[in-house]
Amino acid sequence: MKRFVDMIHTKKLGGELSETEINEMIQGYCDGSIPDYQMSAMLMAICFTGLTDRELTAMTLAMRDSGSVNDLSPISGIKVDKHSTGGVGDKTTLIIGPIAAACKIPVAKMSGRGLGFTGGTVDKLESIPGFRTDLSITEFFQAVRSAGICLNGQTDDLAPADKRIYALRDVTGTVESIPLIAASIMSKKLASGSDKILLDVTTGSGAFIKDYGQSLELAKKMVTIGTNAGKETVAQLTSMEEPLGFAIGNNLEVKEAIAALHGEGPDDLMTVCYTLAAHMISLGKEIPFEQAECEARTALENGTAWETFMAMVKQQGGDTACMENPDKLPCAPIRADYRAEKDGYIAHMDTEGLGITAGILGAGRSKKEDAIDGSAGIVLHHKLGAHVCKGDKLATLHTSKEALANAGMQKLRSCYTISDEPPAPAALIQDVVR
């Protein structure tokens, strides 16, 4: 076996590691024979010199194989997984999952919690009273067979190497590496066991990767990994220059998702959901995108997507009465309006700042073990480009304590730019990578 320090030296100089060396690296780090300080040096070398497509695929598969790999073959049909790189107000999974399932695409999805300024699907679902995201594998399969869809939490044994490496990246300044981000995401997606993969790569103010060029690079690398692993993979690049929809926060976003499933969602949210759902249906049925989009719209318009959503909630123990009447969901006791300080057009939103504000109000967490307030968050009243007058409501803050409302209001003041001229319109769906 080659000394690991020699492998670090090879990568530092821009050399290429073999598949065997990469497997030994991942296995050695997981079993403790490679210490943190050496793995830190390797991660930094990768940050500076990158990984070839062959190295990247080998590393991703080694991370996938560090734990259990789901076998979804007992579920009939082509299973299509969907992953978003995260964004403020991104509640698309709650909408497109039921749409795809209503179109006979089995959705057996494992989702994560939110950390930082973006919300997690599991947190949104758990804001529904009684909703379970800790189903056993037997319950998981039964839910998919019964409702056509199950949105469950990720298990600890899914790509454990990724968890160890991410924790190290977090404290060594190597989080931003595009190859390492791609390997992290795709190791979990490949371990989840679906037949095909749809990726929603967000870009802009409210995304983790704000530069479009880097977002496109990430999309291409993840599609390459999926393809090399034998999984047909499609990536859509979605603008996150403003929150998706009007609601930011867990049960506030559930309420907006319910409205969307009744055909009453905001235009930007519906545009993204129809395109993502169409990609899922196109992949699952192997039909043209245009035909798939028609099926997606029909499933929402004829009510079958809503029926599927309700079947999922019931199957996973959620309170269906709250879904039939969302006003029954817990409400924050304190609400405060942020108003425009002058006339003009909303020219810019610090979307990440809005996500941080929602976290201040109680909707997010800074550490995984932090508790969240399912009713906390923000409801926007206007989108980018809207003309407002001084005193008009721009956003309403929902929280449990006056002190949190005051802190949130202070942060919110820096999130809006109002100008005399409207901003130039930008495409919501910026690219598709196959």
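**Salt bridges in a predicted model**

Trainee: Which residue forms a salt bridge with K196?

Mentor: This is a predicted model, in which local features need pLDDT of at least 70, side-chain atom pairs count only at pLDDT 80 or more, and totals for chains, interfaces and linings use all residues. Residues are numbered from 1 along each chain as its sequence is written, and side-chain values use heavy atoms, with hydrogens and water left out. A salt bridge requires a side-chain nitrogen of Lys or Arg within 4 Å of a carboxyl oxygen of Asp or Glu. The closest N and O atoms are 3.0 Å apart in the pair of K196 and E286.

Trainee: Is E286 buried or exposed?

Mentor: Buried means under 20% relative accessible area, exposed over 50%, and partly exposed in between (1.4 Å probe, protein chains only). K196 is buried at 8%. E286 has a relative accessibility of 58%, so this residue counts as exposed.

Trainee: How many residues apart in sequence are the parts that K91 and E256 tie together?

Mentor: The side chains of K91 and E256 form a salt bridge at 2.6 Å, N to O. Helices (H or I, at least four residues) and strands (E, at least two) are DSSP runs, numbered from the N terminus. K91 lies in the loop between strand 1 (80-84) and helix 5 (93-102), and E256 in helix 11 (residues 250-261), so the separation is 165 residues.

Trainee: How many salt bridges are there?

Mentor: One network of salt bridges links D81, K109 and K189. By the salt-bridge rule, the count comes to 23.
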